[in-house]
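Please look over the structure below before reading on. The briefing that follows takes up strand pairing, aromatic contacts, charged pairs and backbone angles.

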Amino acid sequence: MLFSISNSYEPILKPELLSNTQMDFHPVNVDEFDDDATALDLENPLPFDNYGHVDQPVSASGDPNPEPFEGMEFDSEQSARVFYNSYARCIGFSIRVSVYQRSRRDGSIICRQIVCSREGFRRAAGQNRSKRQRTVTRVGCRAQITVKKQSSGKWVVSKFVKDHNHELVPPDKVHCLRSHRHVSGPARSLIDTLQAAGMGPSGVMSVLIKESGGINNVGFTKVDCQNYMSSSRQRTLGSGGRHPISITTDQDRIIGAAVAQVFPETRHRFCRWNVFREAQEKLSDVYHSHPTFEAEFQRCINLTETVDEFESCWEFLLLQYGLGDNEWLQSMYNTRKHWVPVYLRDTFFGEMSTITQGSDGMNSYFDGYINASTNAQGLIKQYEKAVASRYEKEVKADYDTLNASPTLKTPSPMEKQAVNLYTKKIFMKFQEELVETLVYPATAIDDTGLEVSYRVAKFREDHKAHFVKFDTFRKKASCSCQMFEYSGIICKHVLAVFRVTNVLTLPSPYILKRWTRNAKNGVTVDGCNVEITGNSLESYAARYDNLCHEAIKFMEVGTESMHAFNIAMDALHEAASKVACSIIKKFPSNPGQQNQSGSKDQEKKIEELNTEVEYASQRCEGYRAKLMAVLKDMEEQKLKLSVKVQNLRLTLKD
């Protein structure tokens with residue numbers, strides 16, 4: 001037998017118990033289960049989670065918590081632990097698991113010692129140990145039971161030491177002992193409900209004490225409640241796996257240092273609304289003496305579209321109003337890359353509103369909830385209330401999206417597609433960009449064969465042109481205004497290019513899931529909730545694109561007569577039924593029905609083939625567009641030649 005034990009333990013197994021069994025003997029770290037520790041493992045609680053649900057032995061007198069005795073049997077080691085912990089609660093002490101033995105045959109535990117939490121002595125602090133002075137909780141108490149697994153599978157008490165060398169805890173304080181502190185299932189449900197209502201640990205404990213009939217009946221302490229609430233909040237938020245793309249905060253040196261340390265790869269932006277508010281304070285004299293300054297200042301920040309335009313406008317403002325020596329303006333200029341939009345347009349911020357609408361942004365988020373006197377504890381409570389209020393507004397917005405469809409302003413299939421995909425607010429923004437394409441002609445200025453460059457400018461405003469590069473095969477475009485990169489909404493310039501290149505519906509890369517109706521959940525098909533991932537959403541948009549092309553052709557034929565219309569409607573109903581059946585088969589109600597070994601490989605292969613087919617279709621579409629352009633050019637040349645021939649004939653007749 002391999003024997004390894006720390007100096008804090010004495011051999012506890014009798015030779016007759018070892019018999020001829022092959023086993024290893026393992027100690028448990030004596031500091032692992034300190035009774036004076038305040039932390040509580042909430043995700044993996046001590047093995048008494050089923051307390052009250054394990055069949056326990058009873059004495060001849062009917063006592064549900066009899067005293068242990070040598071030879072007492074249990075169905076499992078877990079049952080033995082639960083029983084001894086129940087006994088310890090009645091007597092007034094806490095327990096912890098100690099040394100154990102494993103079988104050398106299969107490695108399973110075959111012997112376990114469960115001791116009083118005050119067993120042994122604490123190790124002397126070494127150089128690498130904590131310097132914090134800890135209270136003495138180990139006093140060498142020898143009270144314990146040892147249980148051993150029999151060949152029948154039962155666990156038998158092979159040793160029981162009853163006496164303690166310390167005072168026991170009275171019943172009204174036993175709930176403070178660690179092995180008896182456990183946040184039970186019903187308590188967790190109540191805590192979750194109260195926490196969601198914005199109640200803090202003190203308020204939650206007050207409710208629990210009242211509901212339980214006293215603090216000693218709660219089963220855990222306020223610290224345990226607070227730890228559970230913290231872990232619950234962490235579970236809700238999820239984990240330290242990805243840094244955000246961008247973050248917006250007030251301009252503050254300490255916040256800036258913290259963001260740089262915690263999110264080194266994240267683009268940090270200062271809130272412009274706060275910048276303009278501070279400008280009113282720092283430049284109050286200028287605002288008072290020059291009423292036009294504020295509008296020009298905001299125009300310089302918000303409406304300039306290039307770095308050169310901003311730099312020129314800023315310099316003009318300083319010269320016009322004599323502010324070249326203003327220290328605050330100089331400091332803001334030095335940090336311009338953190339708050340001026342033209343320097344930030346290459347990063348996604350989900351920017352939807354202009355700065356004039358800033359009062360509806362993050363500052364109003366907490367209006368009525370916090371003020372300058374709000375402390376940290378109050379901030380957390382009020383933050384949760386503000387989140388609940390914002391959630392209520394989101395529910396109302398979702399309702400409006402589903403029940404109040406916006407009016408379409410164009411016959412464009414793209415607009416019809418967008419109104420069904422986007423939320424109401426996002427669609428209104430998209431619709432605004434789409435309508436403006438009518439006064440933004442796009443002119444091709446360069447064609448490399450793989451990519452075409454377009455110049456897009458508003459009618460009679462050629463000096464404010466933007467440039468769009470368009471990949472004809474993949475239907476991808478990038479604009480110099482970088483609106484899509486900044487906000488996730490496609491700009492009027494790219495839409496103008498799509499219009500002249502016969503792109504009738506939004507290509508999949510330009511549909512951000514966060515702006516869609518299904519951003520927060522999956523789609524529902526006959527009661528089955530189906531999650532849509534980013535990649536499948538893109539393929540969904542591509543399929544939508546192709547179906548729209550075919551549907552337009554179908555509608556043209558199906559509306560020629562009443563007979564054709566009836567046939568078309570019957571065909572659509574039949575197709576809809578088949579599609580619904582195919583989706584239900586793809587997502588069965590019982591996941592166990594799927595063949596997880598072969599189907600995954602087949603699905604992966606099918607997905608790869610579908611990707612290849614989609615890419616080939618896109619290339620064919622590009623070739624078709626090119627061919628149509630060539631044919632159109634040939635027709636024009638043919639018409640011109642025809643006109644020339646006709647003119648020549650008229651000349652010869654004369």
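Which residue in S12 is the bridge partner of Val456? The partner is His466, and the pairing belongs to strand S11 (residues 451–456) and strand S12 (residues 466–471), which run antiparallel over 6 bridges. The model is a predicted one, and the points below should be read with that in mind.

**The sheet and its helix**
- The strands follow the order S10-S11-S12-S13 in an open sheet of 4 strands with antiparallel pairing.
- Strand S10 (442–447) and strand S13 (476–479) are the edge strands, and each has a single partner, so one side of each is left without a neighbour in the sheet.
- From one strand to the next, the twist averages 25 degrees.
- Helix H17 (residues 492–500) lies across S10, S11, S12 and S13, and its direction makes an angle of about 50 degrees with S12.

**Aromatic pairs**
- The structure contains 18 aromatic pairs, and one of them joins Phe276 and Phe297 edge-to-face, with 5.5 Å from centre to centre and 90 degrees between the planes.
- This pair links distant parts of the chain, as Phe276 belongs to helix H7 (residues 272–282) and Phe297 to helix H9 (residues 293–302), 21 residues apart; both Phe276 and Phe297 are buried.
- Phe310 and Trp314 make a tilted pair, 5.7 Å centre to centre with 45 degrees between the planes, and because they are 4 residues apart in helix H10 (residues 307–320), about one helical turn separates them.
- Phe310 has a relative accessible area of 0% and is buried, and Trp314, with a value of 5%, is buried as well.
- Ring pairs connect a cluster made up of Phe276, Tyr287, Phe293, Phe297, Phe310, Trp314, Tyr321, Tyr333 and Tyr343.

**Charges over rings**
- Arg345 places its charged end over the ring of Tyr486, 5.1 Å from the ring centre.
- The charged end of Arg514 sits over the ring of Trp515, 5.1 Å from its centre.

**Salt bridges**
- The count of salt bridges comes to 12, among them the one between Lys162 and Glu67, whose closest N and O atoms are 3.0 Å apart.
- That pair links distant parts of the chain, 95 residues apart: Lys162 is in the loop between strand S7 (155–161) and helix H3 (185–196), and Glu67 is in the loop between strand S2 (23–26) and strand S3 (73–74).
- Lys162 is partly exposed at 45% relative accessibility, and Glu67 is partly exposed at 37%.
- Asp75 and Lys154 form a salt bridge through their side chains, at 2.5 Å from N to O; Asp75 is exposed at 52% relative accessibility, whereas Lys154 is partly exposed at 31%.
- Glu433 and Lys492 also meet in a salt bridge, at 3.3 Å from N to O, and this pair joins helix H15 (residues 424–436) to helix H17 across 59 residues.
- Glu433 is buried, with a relative accessible area of 3%, and Lys492 also counts as buried, at 12%.

**Positive phi angles**
- Most residues other than glycine have a negative phi.
- Gln482, which is not a glycine, has a positive phi of about 60 degrees; this residue lies in the loop between S13 and helix H16 (483–487) and is partly exposed, with a relative accessible area of 27%.
- Asn502 likewise has a positive phi, near 60 degrees, and is found in the loop between H17 and strand S14 (523–525), where it counts as exposed at 54% relative accessibility.

Key. Residues are numbered from 1 along each chain as its sequence is written. This is a predicted model: local features need pLDDT of at least 70, side-chain atom pairs count only at pLDDT 80 or more; totals for chains, interfaces and linings use all residues. Side-chain values use heavy atoms; hydrogens and water are left out. Two strands pair if DSSP finds at least two bridges between them. Helices (H or I, at least four residues) and strands (E, at least two) are DSSP runs, numbered from the N terminus. Axes are lines fitted to C-alpha atoms, for helices over the stretch in contact, and angles run from 0 to 180 degrees between N-to-C directions. Contact means heavy atoms within 4.5 Å. Rings of Phe, Tyr and Trp (its six-membered ring) pair if their centres lie within 6.5 Å; planes under 30 degrees apart count as stacked, over 60 as edge-to-face and the rest as tilted. Buried means under 20% relative accessible area, exposed over 50%, partly exposed in between (1.4 Å probe, protein chains only). A charge sits over a ring if NZ of Lys or CZ of Arg is within 6 Å of the ring centre and within 35 degrees of the ring normal. A salt bridge is a side-chain nitrogen of Lys or Arg within 4 Å of a carboxyl oxygen of Asp or Glu.
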